[in-house]
Every structure is written in C-alpha cells, then in structure tokens.
Amino acid sequence: LTWYEEPVAPERVDETVAIRRAIKQPMAGGETLFRMQGFAPLCRNKAVEVIMPDVKHCGGLLELTHIAAMAALEGVAVAPHNPSGPICTAASVQVCAGMSNFRILEMQWGEVPWRGDMLVPAETFVNGEIAVPTAPGFGVALNDDLVKRYAL
C-alpha cells in the first residue's frame, strides 16, 4: 500500500496525529478540505505525509497551487484527489506540473470506454503517466461530437 488514507475526518487533527504516530504506513488525507486554512492544521502538525486537495473542492486552480506551496514549506507531499472526468484531470495535470512536492495524481478510470476520447487530443497514458499538454489553457479541448452523442 502506498498510504493509509484518512482513518478519521481530516478536521480531527489530534486523532490523525495519534494514528500517524502509531503506525508505520504513511498517511494521507484532506480530500474534502477547503482552502489553505483547511489544510494548514494537517501540514503544520505533520498529521499526514501526503495531503489530497481536490481542485473542485479546495478552492480552484490557484488555491490548489497555494495549498501545495504551503505544504511544501512543511515537508508534506501533494497527491490531488481527482475521482473526476477528463476536464478535471487536465486541470489537475497542469497544476501538478508546477508543484515541487507533487507525488501522484489520483484519477478515475474506466467508467466508460470513450472517456479518453472526450478530449482533443485524447487523454493518453504511457507507462502510467499522462504528459503535460503544451497547448494553451489546459492544453485540451472537448470533443464536441462525442459530448453531443453522449449528452443526457
């Protein structure tokens, strides 16, 4: 296992610290926390080795960047929570590319066989990695034909 994830609510910092000290496995958490203020207690108290901000929940792209920088100052790694579609993955990839303490990007995969084709260029993984697109913005665009075909 890579880590033990959020055995108690991340706001319960004292209990999280006690669990972390009692086990050998690294701990991660914070996927539901909001803004830097939400993550600061976990980082400041070394409650976890890895925080997991979610770009959709933590306050957006810039806030995720600030959270990662704060965590880096405390020696905490960042592995963004991302059980989302290809747009959130593309956004997270761009932010992760600029993090000095990036560890791994969580992602949902395999919900539908056409997931990777929702973007142009298509979402592609090589040896478990996704390349950082170099085009403007997130580096991708929606595949409008596919969106229309599968729109509810």
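This is a predicted model: local features need pLDDT of at least 70, side-chain atom pairs count only at pLDDT 80 or more; totals for chains, interfaces and linings use all residues.
Residues are numbered from 1 along each chain as its sequence is written, and side-chain values use heavy atoms, with hydrogens and water left out.

Let me begin with the chain as a whole, which has 5 helices and 8 strands, these being DSSP runs numbered from the N terminus, with helices (H or I) of at least four residues and strands (E) of at least two. In sequence order the pattern reads β-α-β-α-β-α-β-α-β-β-β-β-α.

Of the 152 residues, 38% count as buried, where buried means under 20% relative accessible area, exposed means over 50%, and partly exposed lies in between (1.4 Å probe, protein chains only). If we take contacts (heavy atoms within 4.5 Å) between residues at least 6 apart in sequence, 59% of them join residues at least 24 apart.

Now to Ser-84, which sits in the loop between strand E4 (77-78) and helix H4 (86-97). Is this residue buried or exposed? Ser-84 is buried, because its relative accessible area is 9%. Its side chain makes a polar contact of 2.5 Å with that of Lys-56, a polar contact being a pair of N or O atoms within 3.5 Å, of which, within protein, one must be able to donate a hydrogen and the other to accept it, and residues adjacent in sequence count only if both atoms are side-chain atoms. Leaving aside neighbours within four places in sequence, Ser-84 is in contact with Lys-56, Thr-89, Gln-108, Glu-111 and Arg-115.

Trp-114, in the loop between H4 and strand E5 (119-120), counts as partly exposed at 23% relative accessibility. With neighbours within four places in sequence again set aside, Trp-114 is in contact with Leu-146 and Tyr-150.

Finally, Thr-134 belongs to the loop between strand E7 (129-130) and strand E8 (141-142), and Thr-134 is exposed, with a relative accessible area of 78%. From C-alpha to C-alpha, Thr-134 and Ile-51 are 27 Å apart in space, and they are 83 residues apart in sequence.
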